[in-house]
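Thanks for sending this one over. Please have a look at the model below, and then read my notes alongside it.

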Amino acid sequence: ICEAPIALISLVDEDRQWFKAKVGVSLTETARDISFCAHAIMNQGILIVPDATKDLRFKNNPMVLGPHKIRFYAGAPLITPDGYALGTLCVLDRKPRQLRPGQKQALLVLAHHVVSQLELRRHARELVAARVDGSKQRAELLRARAEIVRLRNQLARYQKMKRPAGQVRRS
């Protein structure tokens with residue numbers, strides 16, 4: 001969509017960013033302090049860096065100066081429904097450039113879709129955990145019911161043994 005050779009779904013934590021999905025790079029993570037995405041998650045919209053060599057935040061960045069030679073970056077933050085920025089959906093290029101309005105819009109829509117998929121996975125894991133917990137609770141309930149029946153039977157036998165001969169039980 002963005003006609004870029006590199007695309008990433010990055011997740012950013014306190015010290016690093018790691019790539020949940022990637023095209024065009026072999027890296028699996030980078031330190032947060034050299035991360036373009038760490039800047040992008042501070043925005044509500046897309047962070048676009050047309051030429052990283054001319055941007056004060058990035059011109060000395062190892063991703064710009066080193067073998068990767070990143071020049072262009074566009075990243076849409078992945079923001080949960082609760083308002084947490086997890087990372088970005090981003091595209092990078094080794095040459096300076098811009099995104100067309102339709103590409104910007106598509107990047108935002110796709111970022112929203114990524115968050116929806118992440119939320120769906122989270123809810124699925126929670127549902128599985130709830131089912132497992134429910135199964136454990138049902139098993140505990142069955143054991144408790146069986147124990148109650150056992151104790152009632154034991155109590156009834158005990159009371160029957162304690163009853164004097166010839167005494168009739170009243171209801």
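The points below go from the whole chain to a few local details.

1. **Ground rules.** This is a predicted model, in which local features need pLDDT of at least 70 and side-chain atom pairs count only at pLDDT 80 or more, while totals for chains, interfaces and linings use all residues. Numbering starts from 1 along each chain as its sequence is written, and side-chain values use heavy atoms, with hydrogens and water left out.

2. **Overall build.** The chain has 3 helices and 6 strands, in the order β-β-β-α-β-α-β-β-α from the N terminus. Helices (H or I, at least four residues) and strands (E, at least two) are DSSP runs, numbered from the N terminus.

3. **Overall dimensions.** The radius of gyration is 30 Å, whereas a compact globule of 171 residues would have one near 16 Å; it is taken over C-alpha atoms, and the globule rule is 2.2 Å times the number of residues to the power 0.38. Along the principal axes, the C-alpha atoms fill a box of roughly 105 × 30 × 25 Å.

4. Strand E1 (residues 6-12) runs antiparallel to strand E2 (residues 16-23), with 6 bridges joining them; two strands pair if DSSP finds at least two bridges between them. A hairpin of 3 residues links E1 to E2, and Ala-7 has Val-23 in E2 as its bridge partner.

5. **On to E3.** E2 is also antiparallel to strand E3 (residues 29-31), through 3 bridges. Here Gln-17 stands opposite Thr-30. The E2-E3 hairpin has 5 residues between its strands, and Gly-24 in that turn has a positive phi of about 95°.

6. **Arg-32.** Not counting residues up to four places away in sequence, Arg-32 touches several residues, including Asp-13, Glu-14, Asp-15, Gln-17 and Ala-38; contact means heavy atoms within 4.5 Å.

7. **Contacts and burial.** Of the 171 residues, 31% count as buried. Among contacts between residues at least 6 apart in sequence, 51% join residues at least 24 apart.

Key
Buried means under 20% relative accessible area, exposed over 50%, partly exposed in between (1.4 Å probe, protein chains only).
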